[in-house]
Amino acid sequence: MSTFRIVRDVLDKKLLDADECVMGRVDSIVLGYPDGRQPRMVRVEIGGPLLAAHLASWLVRPVEWLGRNFGPRRRVNVSVQWSHVKKMGRDLHLDIRADDTEALAWENWLAEHVIGRIPGSGA
């Protein structure tokens with residue numbers, strides 16, 4: 001069994017999908033506590049409210065409100081099960097594709113609704 005330091009080795013690392021596409025950075029770590037056993041990594045999460053919590057607690061509610069009321073989706077955080085992490089190093093490499101999650105929903109929405117409307121943007 002290998003050991004690692006969760007904050008140093010996981011938090012704020014880039015998530016790379018199976019195609020090496022950047023899905024975001026780890027903003028939160030979720031641990032499970034099975035009965036009578038050591039804590040286990042369950043999933044990592046990315047999302048605006050989680051990042052806002054790192055900056056200032058008062059930012060969380062406005063960011064959640066913006067995520068619910070504007071943009072591509074109503075759910076503002078994306079969870080990735082720890083079982084999808086296949087390699088750890090400078091980045092976390094996953095065995096799933098970003099397009100199969102909601103991780104790139106904001107980027108896709110901005111490309112279509114904002115960038116795509118700028119003359120000469122090539123979109």
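The dialogue below goes through a predicted model, from its overall layout to its sheets and core.

Colleague: What are the ground rules for reading this model?

Modeller: Residues are numbered from 1 along each chain as its sequence is written, and side-chain values use heavy atoms, with hydrogens and water left out. As the model is predicted, local features need pLDDT of at least 70 and side-chain atom pairs count only at pLDDT 80 or more, while totals for chains, interfaces and linings use all residues.

Colleague: What is the mean pLDDT, and where is confidence lowest and highest?

Modeller: pLDDT is the predictor's confidence in each residue, from 0 to 100. Here the protein has a mean of 85, and 93% of its residues reach 70 or more. Confidence is lowest in H2, with a mean of 81, and highest in strand E7 (residues 92-94), at 95.

Colleague: How many helices and strands are there, and in what order do the elements run?

Modeller: Helices (H or I, at least four residues) and strands (E, at least two) are DSSP runs, numbered from the N terminus. The protein has four helices and seven strands, and from the N terminus the order is α-β-β-β-β-α-α-β-β-β-α. The C-alpha trace spans about 60 × 35 × 20 Å along its principal axes.

Colleague: How should I read a sheet, and which strands form the open antiparallel one?

Modeller: Strands of a sheet pair through backbone hydrogen bonds, either parallel or antiparallel. The working criterion is that two strands pair if DSSP finds at least two bridges between them. In this model, three strands form an open antiparallel sheet in the order E3-E4-E5. Strand E3 (28-32) and strand E5 (77-81) are at its edges, each with a single partner strand, so one side of each has no neighbour in the sheet. From one strand to the next, the twist averages 30°; axes are lines fitted to C-alpha atoms, for helices over the stretch in contact, and angles run from 0 to 180 degrees between N-to-C directions.

Colleague: How many bridges join E4 to each partner, and which residues face each other?

Modeller: Five bridges join E3 to strand E4 (residues 40-47), and five join E4 to E5. Val44 in E4 is the bridge partner of Ile29, and Val44 also stands opposite Val80 in E5.

Colleague: Which helix packs on this sheet?

Modeller: Helix H2 (residues 48-55) does, touching E3, E4 and E5, where contact means heavy atoms within 4.5 Å. The direction of H2 makes about 90° with that of E4. As for E5 itself, Val78 and Val80 are on a covered face, whereas Asn77, Ser79 and Gln81 are on the uncovered one.

Colleague: What is the strand order in the sheet with mixed pairing?

Modeller: That open sheet has four strands in the order E2-E1-E7-E6. E2 and E6 are the edge strands, each pairing on one side only, and the twist averages 25° from one strand to the next. E6 and E7 pair in the antiparallel sense over three bridges, and Lys87 stands opposite His93 in E7.

Colleague: How do I read the core, and which of its residues touch the most other members?

Modeller: In soluble globular proteins, nonpolar side chains tend to be buried together. Buried means under 20% relative accessible area, exposed over 50%, and partly exposed in between (1.4 Å probe, protein chains only). A nonpolar core is a set of buried Ala, Val, Leu, Ile, Met, Phe, Trp, Tyr and Cys residues joined through side-chain atoms within 4.5 Å. The largest one here has 17 residues, of which Leu15 and Val44 touch the most other members. E4, E5 and E7 each supply at least two residues of this core, and E4 gives the most, with three. Beyond four places in sequence, the contacts of Leu15 include Val26, Val44, Val80 and Leu92. Over the whole protein, buried residues make up 31% of the 123.

Colleague: Where does Trp82 lie?

Modeller: Trp82 is in the loop between E5 and strand E6 (85-88). Trp82 is buried, with a relative accessible area of 17%.
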